[in-house]
Amino acid sequence: MSVLVGHGIHVAWGWLMFTGSLFAGPRGDLIHAPLLPDALYTLSLGANVVVLAAFALWGRSLAPLFKREGVAVAAAVLMAAGTFSASRFVPLLLGSPTALVEVLAGLMTGAGAGVFLLLWGEVLLSFGVRGCLLYFAASSFLAALAHIAAGLVPVEAVQALVSLAPVVELALYRTAVGRRGLALARSNRTAEVPAPLPRNVVALGVFFGISFGAMRGFFFHVDEAGLADARHVVSMLFVMAACVLVYVVSVRRGTDFGRLTYQIALPLVALGFLLLPLSQGWSLAATAAYRIGFQYMYVILWGLWVYCARRDGTASLWLIACGLLSLQLSKLVGFVASADAITVLGAAFDPSVFTSVFLFATVVFALFAKENHIAEGGWEGVRPAAEASDEASFAEQRYEGAAAVFSLSPRETEVFYLLLRGRSRAHIAKELVVTEETVKSHIKAIYQKAGVHTKQDLIDRVEALAG
């Protein structure tokens, strides 16, 4: 639950921070540069890219971030400080801010969010492919619901909640890490032998990033009325629809990654661009179609990163950083290029030409990816549902040696495995059909045989024995 809510808060924070003119107008409250569209968003995304690039450069040799407690704290502080700096509370407390405040707000939010993307990436990686898809879709669904609800609340109240969100996110993240210490240690690692970057997955990220940025750049010049604006409500409703679609098609039915990409995501993206230049009603339909396609593919990309990291033994932090970097940098390039092109061309800009270019690019990419080397990554026939992370099997296979070293009885061994999987005493009692007092006695015996006094000491001892 801490992962679901914590990651949902992170996603909701990003959407509320950078959509609907909640924190800055569509052209920036303080910075007036014609070729710097939506200054707060552009600066934040730029800082995000720089942070991800740094981890992509050094991620092969860096230890997993979840082991560095100060990293999450620093990221949360940056996000909270940056969010507050962009809010309406700054003029009330400090008087009229300067453009420097907006620059700092963008840089701090982008840097903090970039780190937290990697932190949550490590957590999602520990769930396996199916678990990652399930948790990412569910948390995005909750975030979209929160975004719609925020449109009914006064702006000042929403800004206050969004400013506090990183602090709550930090608390939930630390809870999640404490409960999944063993799984995180198993799934996140450095690579002794460098594995090549999965170029096919990076190509998908680049294509979808550029197309999403271009679509956002187009709507930057159309309307940014507020959270309750029809386009934002429709967008969030169809984000929720995309999350349900991911659950049904990939998690429940187990459709392979190739069909998820070529038969669902790409056609929806193409439909969005096809409807974009039509009347207002059809434009809303374009938003809906594209939003489903992109959000759907975004979740699938996370599943692919997890799959490639586990299949190739790649340094986990490095692969996630490279994947996110390809996506975020492409979004930045697509957004700035699209918005600036419309600014420069002015009345000469023809939406039908804009959409035709991206329709053609979508078709070419689909054909090239399907028939050429992009699809040669060994993931097309993989069914995400078949890649489930079996925690019970993991505990029994990897840590049975520790149970033997501690000379645990059969019942103590059962409690031992459940304890390592983060289960509470009440849960263990219910699963083993015993009283909580009995479970407490077994745990006490396990601690005595292992020579430890706390659950964390037990985890550290077991990790040391497992190597």
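A charge sits over a ring if NZ of Lys or CZ of Arg is within 6 Å of the ring centre and within 35 degrees of the ring normal. The legends below describe a predicted model.

**View 1. R216 sits over two rings, those of Y41 and F335.** The charged end of R216 is 3.7 Å from the centre of the Y41 ring. R216 also lies over the face of F335. Here the distance to the ring centre is 5.4 Å.

**View 2. F406 and F416 pair edge-to-face.** The structure holds 11 aromatic pairs. One of them joins F406 and F416, with centres 6.0 Å apart and 90° between the planes. F406 lies in the loop between α16 (400–405) and α17 (410–420), and F416 lies in helix α17, so the pair ties together parts that are 10 residues apart in sequence. Both F406 and F416 are buried.

**View 3. Four aromatic residues form one cluster.** The members are F136, Y298, W302 and W305.

**View 4. S87 is a buried loop residue.** S87 is found in the loop between α3 (69–85) and α4 (89–94). Its relative accessibility is 5%. Buried means under 20%, so S87 counts as buried. The S87 side chain reaches the backbone oxygen of F84 at 2.6 Å. With neighbours within four places in sequence left aside, S87 is in contact with F23 and Q159.

Terms used:
Residues are numbered from 1 along each chain as its sequence is written. This is a predicted model: local features need pLDDT of at least 70, side-chain atom pairs count only at pLDDT 80 or more; totals for chains, interfaces and linings use all residues. Side-chain values use heavy atoms; hydrogens and water are left out. Rings of Phe, Tyr and Trp (its six-membered ring) pair if their centres lie within 6.5 Å; planes under 30 degrees apart count as stacked, over 60 as edge-to-face and the rest as tilted. Helices (H or I, at least four residues) and strands (E, at least two) are DSSP runs, numbered from the N terminus. Buried means under 20% relative accessible area, exposed over 50%, partly exposed in between (1.4 Å probe, protein chains only). A polar contact is a pair of N or O atoms within 3.5 Å; within protein, one must be able to donate a hydrogen and the other to accept it, and residues adjacent in sequence count only if both atoms are side-chain atoms. Contact means heavy atoms within 4.5 Å.
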